[in-house]
Amino acid sequence: MQLASAAASGIALGAIYALVAAGLNLIFGVVKIINFAQGAMLTVALYGVYLLDTHLGINPYLTLPVVVVAMGALGYVVHIGLIDRVLGKERASQLLITFGLAMALKNACLAVFGADHLSVTVAFGSRVVDLGGVRVTVASLIALGGAALTMAFLYGFLHRTRAGTAIRAVAQQPDSARLAGINARQMYALAFAIGTALAGVAAVLMSPIYAIEPDIGDAFGVMAFIVVILGGLGSVFGAAATALLIGVAQSVFATMINVQMSTAFVFLVFIVLMIVRPNGLFGRTTRVA
Amino acid sequence: MAARTSLPAPDLAAPTVRLRSRGLVEAGPVAAGAATLVLAAAVAVPFLPGIPFYYLQVGILIFWYGMLGTGWTIAGGYGGMHSIGHAAFLGTGAYTSTLLAVHYHLSPWLGMLAGMGLAAALALLIGYPCFRFGIRGDYFALVTVALGEVMYQVANGATPLTKGAQGLALPYTGASALDFQFSARSTFYYVVMAMWLVTLGVAYRLRRSRLGFQLVAVRDDEIAAARGGIHVSRRKLTALAVSAAIAAAAGTFYAQFILFIDPGSVFGITLSVQIVLMAVLGGMNSYLGGTVGALLLVPLSQYLSTRLAGHPGVDLVIYGLVLVALMLYMPYGILGLLRRAPRWRSVIGW
């Protein structure tokens, strides 16, 4: 039963991974850059939730609209101000610019809030529900439900709306999309904004579960990479399934063996799978050159 | 040899270069004299009467980072393998020589060779499957990030061997040159200076060798290079292994200089990023890039970290912003400004 409970908390963890990864996947798939700053964005959003909770006394879950809009705006500004200006230039500068941004954002959080672990609490969040012997907290259930709902919204947006269709068109064929009258640069910015906003959703859902510290984004950001690579580029459901798988595996590993070795193991698996199946566990294998 | 007839850099706007440029010789007597003067001044620094040890330490760090940046350039600049996990190799070197010295009383000089060998082996281990299956560009960078993380976590988790986060202290056995320990701190300055010079020499020779031209050809167009008869993955592996071995040697120096290592200080991702930063700021396609970057960034970061002692994180914010600004306004680095001048282009080995 202890293992089952560990697995259950792993599912909540996986749900958060899935959200962060969905944002990363959208940016990777549409703008075609690896956004190293996604984890740092999550950190920024978490501190945003913390500020709203402690200073204005808003329930963490109710900060969702504010945090999502603010993160979306931040993503938009970052794209217009930084990313858009290096697109189509040196590959190395695209990689390193998001890396520099991540460093600046994360350490700005450290400079402002210090290295202490902060936390926000929801009265009912830590209440434990017993589901046939498996004990999970209410906050974990909300995280899972919220993540599922968000993914459904994202899917609906991408497949059922004009803007979503335009984003997918730009992702597939930027030049043809331009010929069809789509403003590709605007769609890039929109995709980047939505990707960042998804980190905001993840932050709201995870805030009552995890202690907030400047380094927290690293673990989630890197794990999101793993999910995107393994889940397959552009595959929403493949990524979600991989996220849950990794969340459960990591949680179970950490209870059975020690935490460092389980993290090292996950990264090792990542390296191996990246080399063997660069198109993801569920993707088709095509090889260029 | 197809590689020799191709341009050594991707920007086609640059003027055509003579096929056999004469390298450093083209700098002319004035520049050569200036360089000699600067080097002589660097040699004389420890002899200045009453120089505070702090300044000597800054000098040591400049050479150390210069060495690391130059080593990175061999893989990242010449070969286009942007590794963001070079700390994995550095830490391998530091831990190998330290563990051998602590447990088997092996001289760290030999330990350094062993560490260099192990780091090169690690580079081959990670590089072979990557290049065999065509993992390049951003994907390769991701793999190196993961490699750095694996090594960091293993060093933390394998407590019986590495003592984990507690770190390893090297016993001070008295000043014995054979043990890579010196009573005069200025000796460390000369040792690291020599290591930097050797690295610079290797990078310079390598750039002008057949291997160097082949690497640049691979970086600029892998498929065309393969068509030209270059064994792409073998060339990339060689460059990565050399680069890793240099980082490992720097790791041993760090361990001997500080006499204490822990996973955070030799395997940390911040270190990996700093190495990249040195090379990118200076100009990563040039063998001099790492040195130029270190000359600017080390004093800056030392100044910032003493000035902002009570404010953790602020110095790294500035580092991050410098990187962002650099990528926006000067993606080719400082030496990259010279890349269009035919004469200097040959001198800096762009």
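Q: What share of the 350 residues in chain B is buried?
A: A residue is buried if 20 or more other C-beta atoms, placed from the backbone, lie within 10 Å of its own. In chain B, 51% of the 350 residues are buried. This is a predicted model, in which local features need pLDDT of at least 70 and side-chain atom pairs count only at pLDDT 80 or more, while totals for chains, interfaces and linings use all residues. Residues are numbered from 1 along each chain as its sequence is written, and chains are lettered from A in the order in which they are written.

Q: How is the confidence in chain A read?
A: pLDDT is the predictor's confidence in each residue, from 0 to 100. Chain A has a mean of 84, with 93% of its residues at 70 or more.

Q: Which residues have the most contacts inside the largest nonpolar core?
A: In soluble globular proteins, nonpolar side chains tend to be buried together. A nonpolar core is a set of buried Ala, Val, Leu, Ile, Met, Phe, Trp, Tyr and Cys residues joined through C-beta atoms within 7 Å. Here the largest one has 212 residues, and A:Ile16, A:Tyr17, A:Ala18 and A:Val227 have the most contacts inside it.

Q: How many residues of chain A are in contact with chain B?
A: Two residues are in contact if their C-beta atoms, placed from the backbone, lie within 7 Å. By that rule, 38 residues of chain A touch 38 residues of chain B. H4(A) gives the largest share of chain A's side, 15 residues; helices are DSSP runs (H or I, at least four residues), numbered from the N terminus.

Definitions and conventions: Helix = DSSP H or I, 4+ residues; strand = E, 2+ residues; numbered from the N terminus. Buried ≥ 20, exposed ≤ 12 C-beta atoms within 10 Å, placed from the backbone.
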